[in-house]
Amino acid sequence: MANDEPIYKFEGLKSLLRSMGYRLDKAVGYKPLKIEDVDINDIRKNIKFSDKGIFLIDQTDDQERQIFLYKRNYHLARYGKPRFHIRKCQTIQDFINSGTFKSEYRRANTEPVLVKDMDSNMREVEVRNLPLCKYCMNMALGEYSRSMTSADFVKILQQADDSYEKAPDNIEVDILGYTKDWAEISLAYRELHEYTCEKCGLRITNPFDQLFMQTHHRNGNKTDNRQSNLQCLCIRCHASIDDRHKANFARGGNRATLENFNTKYPRE
Ligand SMILES: [Zn+2]
Ligand SMILES: [Zn+2]
Ligand SMILES: [Zn+2]
């Protein structure tokens, strides 16, 4: 498991959360991407295929953005426009299987696209309204109209955006400074670690005592919910992790819960 991604990117966690009734399919904002050549290395490293589409893992902001693929070089005069692909169809699978390291495809999420015209000295030509690959059409049957062009597809991608370029300081936080989805994330994280403290190894099996297991933000930033920043800790380890926590657990409800825990689960 990669360790520095937002927590809802982990398939296991996502399905766990869904099974608990949470909706986590957050639309990632649309961002126009520069058209780039795609070779097999890119496909292995930066491109993800799923039954929902083809996604670029954008290294600049760690988001997955939906894209389409099309042939870079084409006989535009002789054969018309290349088709665009939105799934790992037979044609794309054949390209991957061919093992060629040439960049035969390009990826894009904008309109128009650029094609090197083999009928005019490989000149870069702007092309609009690519037709959809027939294999892809069948794989995505019912999701899109059969006559959907690349221009229509780009419009669909743009409209799916409801959080376009959300700035970090726009994250909605609750009164204590936690993000609104913190309760779900924290619960999922503790479930994932089976209520076992990452410091002392204590495991809590009694469901009524699971509140004693807490999710800590390693860097202190309560809006930084990347998995690498989280730690599942028993309340005793959590309360003594630094001076700020010690002060926090020395009073009020926190202190009472800690004392309750120390009685039930005395230090070995
Ligand atoms: Zn296709
Ligand atoms: Zn903490
Ligand atoms: Zn512990």
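Which residue takes a positive phi in the hairpin of strand 3 and strand 4? That residue is D62, with a phi near 65 degrees, and the hairpin has four residues between the strands. Keep in mind that this is a predicted model, where local features need pLDDT of at least 70, side-chain atom pairs count only at pLDDT 80 or more, and totals for chains, interfaces and linings use all residues. Residues are numbered from 1 along each chain as its sequence is written, chains are lettered from A and ligands numbered from 1 in the order in which they are written, and side-chain values use heavy atoms, with hydrogens and water left out.

- Strands here are DSSP runs (E, at least two residues), numbered from the N terminus.
- Strand 3 covers residues 53-58, and five of its six residues are buried, so the rest of the structure largely encloses it. Buried means under 20% relative accessible area, exposed means over 50%, and partly exposed is in between (1.4 Å probe, protein chains only).
- Strand 2 (residues 47-50) pairs with strand 3 in the antiparallel sense over four bridges; two strands count as paired if DSSP finds at least two bridges between them.
- A hairpin of two residues links strand 2 to strand 3, and I47 has L56 of strand 3 as its bridge partner.
- Strand 3 also runs antiparallel to strand 4 (residues 63-71), joined by five bridges. Here F55 sits opposite Q66 of strand 4.

**The zinc site**

- The zinc ion (ligand 3) is held by the SG atoms of C197, C200, C234 and C237, at 2.2 to 2.4 Å. Donors are N, O and S atoms within 2.8 Å of the metal (3.2 Å for Na, K and Ca), and water is not among the atoms, so sites may look incomplete.
- Along the chain, these donors follow the spacing C-x2-C-x33-C-x2-C.
- The arrangement is tetrahedral because the four donor atoms subtend angles of 103 to 121 degrees; the cut-off for four tetrahedral donors is that all angles lie between 85 and 135 degrees.
- C197 is buried, at 4% relative accessibility, whereas C200 is partly exposed at 44%.

**Aromatic rings**

- The whole structure has 10 aromatic pairs. In one of them, Y74 and Y79 have ring centres 6.3 Å apart and planes at 70 degrees, so this pair is edge-to-face.
- Rings of Phe, Tyr and Trp (its six-membered ring) pair if their centres lie within 6.5 Å; planes under 30 degrees apart are stacked, over 60 edge-to-face, and the rest tilted.
- Y79 is exposed, at 52% relative accessibility.
- F68, Y70, F84, Y144 and F153 make up one aromatic cluster.

Key. Four donors count as tetrahedral if all angles lie between 85 and 135 degrees; four count as square planar and six as octahedral if opposite donors are over 155 degrees apart and all others between 65 and 115; anything else is irregular.
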